[in-house]
Amino acid sequence: MTTINEQNIRSYLERGESQTLEYKSGTSSLDAICKVVASFANAEGGILILGFVEPKGIVGVLPDRKLSTIDHAISHLNSLPTFTSYKVACDDKELIIIEVQKNQNTLTFFRNTLYTRVGDACVPMRTADIEEALSLIHISEPTRPEPIS
């Protein structure tokens, strides 16, 4: 994924929400953030931008919104996905960017539920989706020691 910075942030804000891009207000709950992160990880990966609301625009995040608090909440997801979080300034306001990689050989649960992306929405995975995802996971056989002669 491309790192978002002060020079390219506007292009992400103009795209609109999609399968791989979601906006949340700067005051979104940690549960709402974790649900989006899990759904991105179980789908194609994606970018969550906190501090932007359609159609209002850039609202920023509160100064006391700490990356460490968000990272700590995400770290409690079952089967932690690979993600990066950082802040970017835009129009004198701070946005938080969370880039989530697509899972490899695992599925991420949020509150005992598997979520995925359908268009611009986070939805619980259907049984057929779970079966398909599991069929793509490569589980190697454990190696067995050679018998002693």
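The largest pocket is lined by 22 residues, and Asn42, Ala43, Lys102, Ala133 and Leu136 lie nearest its centre. This is a predicted model: local features need pLDDT of at least 70, side-chain atom pairs count only at pLDDT 80 or more, and totals for chains, interfaces and linings use all residues. Residues are numbered from 1 along each chain as its sequence is written, and side-chain values use heavy atoms, without hydrogens and water.

**Pocket**
- A pocket is an open set of points on a 1 Å grid over the protein atoms alone, where a 1.4 Å probe fits, with protein on both sides within 12 Å along at least five of seven lines; lining residues have an atom within 4 Å of a point.
- α2, β8, β9 and α4 (127-136) each give two or more residues to its lining.
- The largest share, 4 residues, comes from α4.

**Sheet**
- Helices (H or I, at least four residues) and strands (E, at least two) are DSSP runs, numbered from the N terminus.
- An open, antiparallel sheet has 3 strands in the order β7-β8-β9; strands pair if DSSP finds at least two bridges between them.
- β7 (109-110) and β9 (121-124) each have a single partner strand, so one side of each lacks a neighbour in the sheet.
- Phe110 has Thr113 in β8 as its bridge partner.

**Cysteines**
- There are 0 disulfides (cysteine sulfur atoms within 2.5 Å).
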